[in-house]
Amino acid sequence: FASLLNGLPEKLNAISTEHLERAMFENVVEELLEIPGSSGHESIIRNHVMKKLAALTDKITVDDYGNILAEDTFGIASRESVLTILLNSHLDVVDEIEVGREILKCGSVWTSSSGILGADDRAGVGVILHTLKQLQQMEFRTPVKVKIAFTVEEEVGLCGARAVSSEFLEDVQAAFVVDRRGRGDIVTGTYGTDFCDELFGAMLALIGNLGDDGDRWEPTLGGSSDTRIWAQQGIQSVNLSVGYQHEHTSREELNLDDAFATANLLKKVFLHIDLLKSALRGIRREAQPTDERSRRSHRKVVSAVS
């Protein structure tokens, strides 16, 4: 915080809210990139993230496998059913972060002086922590429950996600995984496997491209991730780009502009939560058996005639 304050202009009122949010976001990500935690050795990063979550969520647990599971509900209680959303990224890095390495910064692009940077997936963890802070400041007309899964051993076969209990997931309707390379991708499936309905991906792209972002966000196919596990539970799931490239190598880099854009996408999702609910309702209607849809249509016609 001291280093952030030293870089601020003398007139604080000249600083935009987004500038402050960006500075805080970068600070959180840089802190995460300095903490070790290869697959199977996540205890230090897990403890760090749990301390962050303590001020951001109502309930935090660590399951028997070592995943952090947390939740909070935002908005005023009402008769309308609660929408439950899962935010997910993984704690482990593919190789251990080398002791004494430096984070090299060239504008918005960060790299490591030696070994991996660790942006896969510490950038995703940072985006979710930032999003939880944003949620504290938002107002919701109807309640929204947000569940968080920071999984372990993703890099060695999605092991942590596979161990998450069905009870934790049973009320989740939509999952946002933040663990995709590059920028602007909304991964809606891998070749031969859908993670979500086409309408869900299209609605996210519409929300993400509202305002200044133009045509940044686009549904696409991608590789495997924890997204696959949530989709297998019948949850509408996507994996979002978070700005890293050349992951798993010493050439790994992170574009902070792209990572912050992902944080802004999630912020828009919650600001326009009614659009997301509309897409989910449409998907549920289409998933009903044909005879049930026919009965509903018949009742509407009879009602209109009468």
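Mentor: With terms: buried means under 20% relative accessible area, exposed over 50%, and partly exposed in between (1.4 Å probe, protein chains only). Helices (H or I, at least four residues) and strands (E, at least two) are DSSP runs, numbered from the N terminus. This is a predicted model, in which local features need pLDDT of at least 70 and side-chain atom pairs count only at pLDDT 80 or more, while totals for chains, interfaces and linings use all residues. Residues are numbered from 1 along each chain as its sequence is written, and side-chain values use heavy atoms, with hydrogens and water left out.

Trainee: Which residues of strand 3 are buried on one side and which on the other?

Mentor: In a regular strand the side chains alternate between the two faces of the sheet. Strand 3 spans residues 83-90, and eight of its eight residues are buried. One side holds Leu 83, Ile 85, Leu 87 and Ser 89, and the other holds Thr 84, Leu 86, Asn 88 and His 90.

Trainee: How many bridges join strand 3 to strand 6?

Mentor: Two strands pair if DSSP finds at least two bridges between them. Strand 3 also pairs with strand 7 (residues 174-180), in the parallel sense and over four bridges, and there Leu 86 has Ala 175 as its bridge partner. On the strand 6 side, Leu 83 is partnered by Val 144. Strands 3 and 6 run parallel, and the number of bridges joining them is eight.

Trainee: Which residues are in contact with Ala 149, neighbours within four places in sequence aside?

Mentor: Ala 149 lies in strand 6 and is buried, at a relative accessible area of 1%. Contact means heavy atoms within 4.5 Å. Beyond those neighbours, Ala 149 is in contact with Ile 68, Leu 69, Leu 86, Leu 87, Asn 88, Ser 89, Phe 168 and Trp 230.

Trainee: What separates the C-alpha atoms of Ala 149 and Val 125?

Mentor: Ala 149 belongs to strand 6. Along the chain, Ala 149 and Val 125 are 24 residues apart, and their C-alpha atoms are separated by 10.0 Å.

Trainee: Which residue forms a salt bridge with Lys 147?

Mentor: Side chains of opposite charge can pair when their charged atoms come close. A salt bridge here is a side-chain nitrogen of Lys or Arg within 4 Å of a carboxyl oxygen of Asp or Glu. Lys 147 is buried, at 5% relative accessibility. Its closest N and O atoms in the salt bridge are 2.8 Å apart, and the partner is Asp 171.

Trainee: How far apart in sequence are the parts that Lys 145 and Asp 171 tie together?

Mentor: The side chains of Lys 145 and Asp 171 meet in a salt bridge at 3.3 Å, N to O. Lys 145 lies in strand 6 and Asp 171 in the loop between helix 6 (166-169) and strand 7, so the pair ties together parts whose separation in sequence is 26 residues.

Trainee: Is Glu 247, the salt-bridge partner of Arg 181, buried or exposed?

Mentor: The closest N and O atoms of Arg 181 and Glu 247 are 2.6 Å apart. Arg 181 lies in the loop between strand 7 and strand 8 (185-190) and Glu 247 in the loop between strand 12 and strand 13, so this pair ties together parts 66 residues apart in sequence. Arg 181 is partly exposed, at 38%. With a relative accessible area of 15%, Glu 247 is buried.

Trainee: What is the phi of Leu 158?

Mentor: Leu 158 sits in the loop between strand 6 (144-151) and helix 5 (159-163). It counts as buried, at 7% relative accessibility. Leu 158 is not a glycine, yet its phi is positive, at about 60 degrees.

Trainee: And what value does phi take in His 246?

Mentor: His 246 is found in the loop between strand 12 (244-245) and strand 13 (253-255). At 34% relative accessibility, His 246 counts as partly exposed. This residue is other than glycine and its phi is positive, near 55 degrees.
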